[in-house]
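Here are my notes from going through this one. Have it open beside you as you read.

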Amino acid sequence: MSFSMTGYGQSSRHLGGSKIVFEVKSVNHRYCEIVVRMPREWNGFEDALRRKVQQYVKRGRIDVFINREHEENAGGPVLNRPVVKAYLAAAEALKKEFGVGGELDLPTIMSLPGVLESGDGSPDLPENGEFLQELLVGGLEESVRALVEMRAREGRYLAADIAERLSRLEELLSEMTGLAPAVVLEYRDKLRQRLAELQDGTFPFDDQKFGMEVAVFADRSNIEEELTRLRSHFEQCRNLLGSGEPMGRKLDFLIQEMNRETNTIGSKCNHLGIAGRVLEMKAELEKIREQAANLE
């Protein structure tokens, strides 16, 4: 299955009087880059969360947002008096021991961590234990699965478009293969006609030199090797599309190789029909490259 590198997933979990909201977004990136943004007190779980994302995503920039929201039906906040007393005592100690000036005002105290607690009567839940890690990892996994489903849907469209363009490339290759033998014959006939027009009786027509010139041109304009390599690259592309593994980088490499072979054909073969097909092939390859840039 083919996967796009763009997608979005969301899920939520409940914790006491709070709602934990998980959002995962992914965009194109050369490697797998995971950025996690969540409340500072949960930073200890970041490694476990990263490993969970890496189980599902192999390439792209993945932004993980985890927010804790107060639920409307929960009780109002309750003042944690022991915590407030501890903050005030610490402030007094700073003033006496270090001579620090200033006073703790109400807005500052209210913004300090732990001053306010949920008043919904729910029992305190372990904030740093296995329970919280399991809740966070489980919620993130649900949102990542939604992300992967979206990436898979987009990936199917991309793969179908690439396969269709690949079919057109194969048609162009077949046409160039059919035209290739005529290149030397047309050159031979044109050269013979040109020499005949220039012949005024002052110089003899040398069949041997004429044959050598045609042979040199035939060797210089031979594109059989390039056509064979292109045929092999097309087959490898089709195999990649059906492999189900991350293919973006491999496909990018194959496109570079196909462009190289196509350019070589254009420079070697001085033939109007083949030149037109080379231009069309390069246009299709560029479109495939743009689509491949979005694949995992």
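**Notes on the predicted model**

1. H7 and H8 are roughly antiparallel to each other, because their packing angle of about 165 degrees lies over the cut-off of 145. Keep in mind that this is a predicted model. H7 covers residues 248–268 and H8 covers residues 272–292, with the two axes 10 Å apart. The crossing of H7 past H8 is left-handed.

2. If you want to look at the contact itself, H7 contributes Gly248, Leu251, Asp252, Ile255, Met258, Asn259, Thr262, Asn263, Ile265 and Gly266. From H8 come Ile274, Val278, Met281, Lys282, Leu285, Ile288, Arg289 and Ala292.

3. On confidence: the chain has a mean pLDDT of 86, with 90% of its residues at 70 or more. The stretch to watch is residues 120–128, where the pLDDT is below 50. In the model this stretch still has 17 contacts beyond near neighbours in sequence.

4. Now the overall layout. There are eight helices and six strands in the chain. Going along the sequence, their order is β-β-β-α-β-β-α-α-β-α-α-α-α-α. Among contacts with a separation of 6 or more, 80% join residues 24 or more positions apart.

5. The chain has 296 residues, and 33% of them are buried.

6. Is Ser2 buried or exposed? Ser2 sits in the segment before strand E1 (7–15), and with a relative accessible area of 5% it is buried, because that is under the 20% cut-off. Leaving aside neighbours within four places in sequence, Ser2 touches Arg151, Ala152, Gly155, Arg156, Ala159, Leu241, Met247 and Leu295.

7. Asn67 and Ser12 are 55 residues apart in sequence, and their C-alpha atoms are 9.5 Å apart in space.

Technical notes
Residues are numbered from 1 along each chain as its sequence is written. This is a predicted model: local features need pLDDT of at least 70, side-chain atom pairs count only at pLDDT 80 or more; totals for chains, interfaces and linings use all residues. Side-chain values use heavy atoms; hydrogens and water are left out. pLDDT is the predictor's confidence in each residue, from 0 to 100. Contact means heavy atoms within 4.5 Å. Helices (H or I, at least four residues) and strands (E, at least two) are DSSP runs, numbered from the N terminus. Buried means under 20% relative accessible area, exposed over 50%, partly exposed in between (1.4 Å probe, protein chains only). Axes are lines fitted to C-alpha atoms, for helices over the stretch in contact, and angles run from 0 to 180 degrees between N-to-C directions. Angles under 35 degrees count as roughly parallel, over 145 as roughly antiparallel, 65 to 115 as roughly perpendicular and the rest as oblique. A crossing is left-handed if the near helix is turned anticlockwise from the far one by less than a right angle, and right-handed if clockwise.
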